[in-house]
Amino acid sequence: MSLRLPFTRRPLMLGFAASLLAGLAVAPQAAQAEGTLRISEQFGVVYLLLHVARDQGLIEKHGKEEGVDIKVSWTKLSGGAAVNEAVLSGAVDVGSAGLGPLLTLWDRTRGRQNVKAVAGLGAFPYYLVTNNPAVKTLADFTAKDRIAVPAVTVSVQSRFLQYAAAQAFGEQNWNRLEPLTVAVPHPDAAAAVISGGTEIDSHFANPPFQEQELASGKVHRVLSSYDVMGGANSPTLVFVTEKFRQDNPKTYKAFREALIEAGQIIAKDKAAAARTYIKVENSKLDPALVQQIIESPEVNFDTAPQNTLKLAQFMYRIGAIRNQPSSWQDYFFVDAPDQQGS
């Protein structure tokens with residue numbers, strides 16, 4: 001694993017994203033015509049539904065069922081801030097990022113572009129890990145520690161950390177640990193924490209990076225996002241603008257159906273799903289480790305949002321969003337009268 005360790009609050013790929021979006025930020029592109037779908041993706045097993053849909057051509061398959069030949073393109077970005085800007089500028093049609101960035105964008109675009117989630121990408125625990133033996137709880141972090149997150153403040157890991165700090169130190173101290181956070185993509189953060197000897201000694205991660213870190217024997221877990229949220233939740237979602245959904249109903253439906261089928265495929269053969277992750281990500285990981293993650297009883301690939309409202313309401317209470325959500329349906333597109341979520 002390479003050790004590219006930029007000690008900065010901007011993710012490695014944000015510079016790429018900025019250049020990608022430079023010509024788009026002033027004049028957003030028009031919505032793409034029916035049959036074109038540009039999707040952003042990030043790092044980790046939490047994006048496995050997208051990996052399976054991509055590998056097996058499920059979006060194209062369901063497009064044909066709708067009578068549309070869909071051309072799908074993929075853009076790799078790091079961090080919710082870069083993804084949000086890509087969606088707003090029109091550089092991509094579908095954003096894939098954490099619950100925190102989605103809520104930020106929903107709030108920011110309400111009454112205008114009206115960005116909302118299409119589906120969750122399943123439930124996964126996210127671990128805050130450290131190689132500092134003195135850190136056992138949040139109260140043990142000091143000014144010398146540095147916690148890597150994919151995007152400072154806005155990433156779902158940052159929001160989990162804020163929520164955890166509010167629970168540990170009182171809600172007025174929700175940002176107590178924020179000065180310790182730095183923006184580093186997950187692969188580089190994992191490399192830093194495992195190798196040691198850098199200012200980054202902690203990482204609010206996601207699968208498979210947290211499992212790699214723990215397997216090294218040099219790292220231990222401080223907390224799980226499930227501890228913070230009081231149970232399983234959907235940390236990662238996919239989202240679009242209202243205009244894209246309205247202008248491209250067949251493409252939109254094909255995308256939703258592809259994600260549902262991808263979940264069914266994973267459930268039927270988790271070993272094959274692990275191999276798909278390795279293939280799509282061109283990963284050097286042992287497929288057995290990925291399969292172990294997929295088979296965890298804490299993990300599922302349900303596209304219905306799970307336990308998201310708590311974080312949304314917390315973000316409103318601390319002023320991170322201006323609009324108060326009363327239901328998950330406020331920030332999700334509801335495409336069926338019996339659609340489930342929480």
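Which residues in α7 are buried? They are His186, Pro187, Asp188, Ala189, Ala190, Ala191, Ala192 and Val193, where buried means under 20% relative accessible area, exposed over 50% and partly exposed in between (1.4 Å probe, protein chains only). Please keep in mind that this is a predicted model, in which local features need pLDDT of at least 70, side-chain atom pairs count only at pLDDT 80 or more, and totals for chains, interfaces and linings use all residues. Residues are numbered from 1 along each chain as its sequence is written, and side-chain values use heavy atoms, with hydrogens and water left out.

**The chain overall**
- The secondary structure comes to 14 helices and 10 strands; helices (H or I, at least four residues) and strands (E, at least two) are DSSP runs, numbered from the N terminus.
- The chain has a radius of gyration of 19 Å, close to the 20 Å that the globule rule gives for 342 residues, so it is as compact as a globular protein of that length. This radius is taken over C-alpha atoms, and the rule is 2.2 Å times the number of residues to the power 0.38.
- Of the 342 residues, 57% count as buried.

**Helix α7**
- Because 8 of the 10 residues of α7 (residues 186–195) are buried, this helix is largely enclosed by the rest of the structure.
- The cover over its buried residues includes β6 (147–149), α6 (156–169), β8 (202–204) and α8 (209–215).
- Just after α7, glycine 196 adopts a positive phi of about 70°.

**The five-stranded sheet**
- An open sheet of 5 strands has the order β7-β6-β8-β5-β9, with mixed pairing; two strands pair if DSSP finds at least two bridges between them.
- Its edge strands, β7 (181–183) and β9 (220–224), each pair on one side only.
- Strand β5 (residues 127–130) runs antiparallel to β9 and is joined to it by 4 bridges. Here leucine 128 stands opposite leucine 223 in β9.
- Helix α7 packs on this sheet, touching β6 and β8, and its direction makes about 150° with that of β8. Axes are lines fitted to C-alpha atoms, for helices over the stretch in contact, and angles run from 0 to 180 degrees between N-to-C directions.

**Helices α4 and α5**
- The axes of α4 (residues 80–89) and α5 (residues 99–109) come within 9 Å and cross at roughly 35°.
- Gly80, Asn84, Glu85, Val87 and Leu88 in α4 meet Pro101, Thr104, Leu105, Arg108 and Thr109 in α5, a contact being heavy atoms within 4.5 Å.
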